[in-house]
Every structure is written in structure tokens, then in C-alpha cells.
Amino acid sequence: MAGLDAIVIGAGFGGLAAAIKLKRAGFGRLAVLEKAGRLGGTWRDNTYPGAACDVPSRLYSYSFALNPNWSRAYSGQVEIQQYMEDVADRFGVRSMIRFNAEVARADWAEAGKVWRVTLVNGETLEAPVLVSALGQLNRPSFAGIPGRETFKGESWHSARWNHEVDLSGKTVACIGSGASAIQYIPEVAKTAGKVLIFQRTPNYIIPRLDKPTPDWLRRLYKAVPLVDRIFRFTIWQMMDLRFRAFKRDTPAAEGFRKLATGYLERQIADPELRAKLTPDYPIGCKRILISDDYYQALNRDNVELITEAVSEITPKGVKTADGTEHACDAIVYGTGFDTTHFLAPLEIHGVGGWTLTEAWKDGAEAYLGVTVSGFPNLFMLYGPNTNLGHNSIIVMLEAQADYIVQCLRELRRRKARALDVKPAAQSDFNVQLQKDLEATAWAGECSSWYKTASGKITNNWSDDTAAYRKRTARPAFEDYAFAA
Ligand code: NAP
């Protein structure tokens, strides 16, 4: 494919935002490479029962594509997937997507100043600009639990739900109790004979307060989009205020802790069960979960919470460290994702063949999460240190897509062919970022998908989204080296 403006990898929320904004800005010759047969990213992959977003839909949608029709405050996976499909059609980017096109590697060709992208099937494409929109939660992790292959029943990861298996009346082992698990466990418990939850660490949970959006309100949003916009803005501002609760030892953090522990006390009467569900680390260190039905499910007679460590999987079920073998018919692994190896398993070779894997051997880092020194014209959406614990990731993705557009415009204005962030700019940015992160709850004593095994926080942004938008609104081009 000759004459491309850019190659975008991934057709999830990030890839679609990039494609739409680049197209609008006049960089419309795009190839969006999607490894799967359908767009949607995480919303295509996570079809487990009860899958829904824990950010209100008014804000978990693009600012340029408001949807007056969201059926609930927090919409479900099917509705979000449909929204993404509609947006791709409405903004004319579906035809740019090449499905079942999995990228194996990308090489920067210094002489021609282009990225050469090689697909798994050996095909190659070239473009001056490479935009990666892979997401942070796309590689399921089974947490290295031994014996998985010996299990005689059915088993699967939460992000690869097996809808062929009817769980009614069955004994289902659910390993993990994170954001995904607390959504499907209440659903599974409705029909399963028995649900065994293997919890390693309890989470702070606050009420979700989800409710259907009445017809009259949807009609109002449709008739007066300004109302929708004002609501969206208000939700954004209120959620940004929540960032204060992620600073350690603040009144806001204490307020959230009380909200969570109060909810636990009101919902769980059994003191033994309540003790098992009480976290012993600072609130916010791990993701604060929201749910209206998880504790309620734990009160059911057919649900058991097991806190003994999982030691191995046997042909019959799950064995715990105390030697007990818990027999079951099916196992669901809600064990999360490989989150700290950004862009893996892609091999990205920058200037002089230097790879991102080498550059990131001590933990991934970038400049504003978007560019990496030594990798000219490579831009990332949802890159290192751009995840949030308190607000909608769509706000960040749009800021990043706008930033990329400005960089491409600047290249055009200067009649330059490449830009590369200066090493000193990237390193100064990261020194300050890591310093700021020290004051956040994520630096507390807990394990989370936000940090590497050695404790470096590689995933989260250190401030609220307004601050990120401000930093990215006008690129500091003095931090970049331009090449003709
Ligand atoms: P996760 O938050 O990483 O949770 C993984 C769970 O598996 C944790 O409870 C973890 O325990 C447990 N686990 C890992 N290894 C284990 C082992 N060897 N033995 C027993 N338990 C083990 O993954 P997730 O629930 O899929 O969620 C990931 C992220 O996706 C969320 O934080 C959120 O950002 C996003 N998400 C969002 C939504 C939403 O919007 N509604 C829904 C789902 C997911 P430990 O806590 O001890 O590590």
C-alpha cells in the first residue's frame, strides 16, 4: 500500500480515536491494522456475563460522538461494542481497518524515514508515521498457576469467555476477585450450583448506583445535545476531583475509605466473612471497585469465599496451600493481564535497530506516554503512565490523538520528515513523574497491575486528567529534534 500518511495498530477506542482525528486533520490515508476479525479492543474481548464499564457512559464515549441513547448510567459491553461499530461507520474509518492483520514487528528505516511494518503473515507496509493503540489490558495472564493443563473440566480466562458451556447447576471455581470477577460472579451465581471464589487480596468496593436512563431524559439529550454536553462536563469534573483520594494520607482518601468500609459493613453481616473482605492496604493502591451486586452475591448460600492461597490446579479442581482439593466442573481465571510489557509481543526497532524491549528493560517509560526517544515518528495511545484510577480513559485517548495530529501538522509546517523526542526531555519528564507518583496511593504497600515486579509504577498518570490535557494541549516542540 503506497502513499500512506500513517499506520495505526489496533482498532479499539484508541485506534478509532486516532484514525478519526487524523482523517479529520487531513491525514486520511491510513491503514488501521487489527489483529482480530472485529473492532472493539477490550470491549470485543471481554464478553463475560455482567461486563459493563465502571465509568459513566456519558463520559465513557467520545466527546465528538455523544450518544443520547445510552440505556443506563453505566452501559454494558454489548451496547459499548455497538457504539464503537456505529462510530467507525459514522466517521468513515471502517474501510481503513484491515482485519486479521496481526503486526509482528516494525522497523524504522532511517534513510527513507519510514516505518516498515511486518505482519505475522510476512506482508509488509510502509508509512512515515506509526501510531500504536494496543491498549494496556489485552494479553490475558493466568498468573503462572501450575497444573492448568491437567484439569479435566472446562476452563477459560475472563477475557475469553466460553459461552458454549452452560454453568447452570455446576460447581464453578472463580480464581481472582478483581474488577472483572466482581462483575461476572454475581451473574454466574444466579444459576450455578456452587461458586467457589478464590480471593488472594480483598479490594475496596464502593456502590455503583447504576440505573436505567429514563426515556424522557434520552429524548432530552437527543433534542438538546447541550444538556448531554453539560452533564458530560459535570461528570468529568466530579470524577477529576476524585484524584485527590489517590494522594496518600489525605482527607479525601480517608473519606473514600470510610465509604468503602461502611458499604462493606452494611452489606456483610457475618463478621468472619467481613474480616476476609477487609483490605489492609491504603485505599486506591489497587483499583477501587464499584459494584451494586458483588457483596450481595457473597451472601448467597451457593457462594463460598476461599482465602487460602491457590497452589495448583489438579485434574479434579483447585488445590489450596492447606492441601484441600476443591473439586469443580469449571474454572474461570479472572487473573488479569500482562500489563507492564507495553507493546509486547511486537518487536519495535528504532534508530540503529535499538528495540523498545531494550529501551524498557528497567520498566517502560515515554514522554507524556506518547513518544519515546530513539523511535522517531512513533506515537502511542494509552502508552506508559497514562492509565487512570479515577476518570475516563477516553479523555486521555482524545488528548493523545490531538497531540499526534499537532505533531504531524508541525512536521508538515516545517517541511520536516521526522521528529524524535530529545533524551533529556524524556528523562526530565520521567524523573518528575516518578517523584509525583511517590505521593500517590499506587506507591503504597500492595501489589497491583500498575507496577512492575520491582515496584516501578509504569502504568498510571501522576495527576488528574485536566493536568494531562493541559500538558498535551500544545506540544513543546523545543523538546523534539526535527529531521529534514
Ligand atoms: P485484575 O484487576 O488484575 O485482577 C486479577 C485478580 O486475580 C486479582 O484479584 C488477583 O489477586 C487475582 N490473582 C492473580 N493471580 C492470582 C493467583 N495466583 N491466585 C489467586 N488469585 C490471583 O484483573 P481484572 O479483574 O481483569 O481487571 C483488570 C483491569 O481491567 C481493571 O483494573 C480495570 O482497569 C479493567 N476493567 C474494567 C472494568 C470496568 O470498567 N467495569 C471491568 C473489568 C476490568 P491480587 O489482587 O492478589 O493480585
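**Notes on packing, cavities and backbone**

1. In the contact between two helices, L220, Y221, K222 and A223 of α5 meet P225, V227, D228 and F231 of α6, where contact means heavy atoms within 4.5 Å. By class, this contact of α5 with α6 has six nonpolar, no polar and two charged residues; Ala, Val, Leu, Ile, Met, Phe, Trp, Tyr, Cys and Pro count as nonpolar, Asp, Glu, Lys and Arg as charged, and the others, Gly among them, as polar.

2. The model is predicted, so local features need pLDDT of at least 70 and side-chain atom pairs count only at pLDDT 80 or more, while totals for chains, interfaces and linings use all residues. Residues are numbered from 1 along each chain as its sequence is written, and side-chain values use heavy atoms, with hydrogens and water left out.

3. Helix α5 spans residues 215-223 and helix α6 residues 225-241; they pack at an angle of about 105°, with their axes 4 Å apart. Helices (H or I, at least four residues) and strands (E, at least two) are DSSP runs, numbered from the N terminus. Axes are lines fitted to C-alpha atoms, for helices over the stretch in contact, and angles run from 0 to 180 degrees between N-to-C directions. α5 and α6 are therefore roughly perpendicular to each other; angles under 35 degrees count as roughly parallel, over 145 as roughly antiparallel, 65 to 115 as roughly perpendicular and the rest as oblique.

4. Helix α1 (residues 13-24) packs against helix α3 (residues 77-90) at about 20°, with the axes 11 Å apart. α1 is therefore roughly parallel to α3. The crossing of α1 past α3 is left-handed: the near helix is turned anticlockwise from the far one by less than a right angle, and clockwise for right-handed. F13, L16 and I20 of α1 meet I80, Y83, M84, V87 and A88 of α3.

5. From α1, the contact takes in F13, G14, A17, A18, K21 and L22; from α11, I394, L397, E398, A401, D402, I404, V405 and L408. These residues divide into ten nonpolar, one polar and three charged.

6. The structure contains three cavities of 30 Å³ or more. The largest cavity, with a volume of about 50 Å³, is lined by S177, Q199, T201, P202, N203, I205, L277, Y294 and Y295. A cavity is a set of points, on a 1 Å grid over the protein atoms alone, where a 1.4 Å probe fits but cannot get out, and lining residues have an atom within 4 Å of a point. Grid points are joined across faces, edges and corners, and a volume is the space filled by probe spheres set on the points.

7. The peptide bond from A344 to P345 is cis, with omega near 5°. P345 is in the loop between β17 (330-333) and β18 (347-349).

How values were computed: On a 1 Å grid over the protein atoms alone, a cavity is a set of points where a 1.4 Å probe fits but cannot get out, and a pocket is an open set with protein on both sides within 12 Å along at least five of seven lines; lining residues have an atom within 4 Å of a point.
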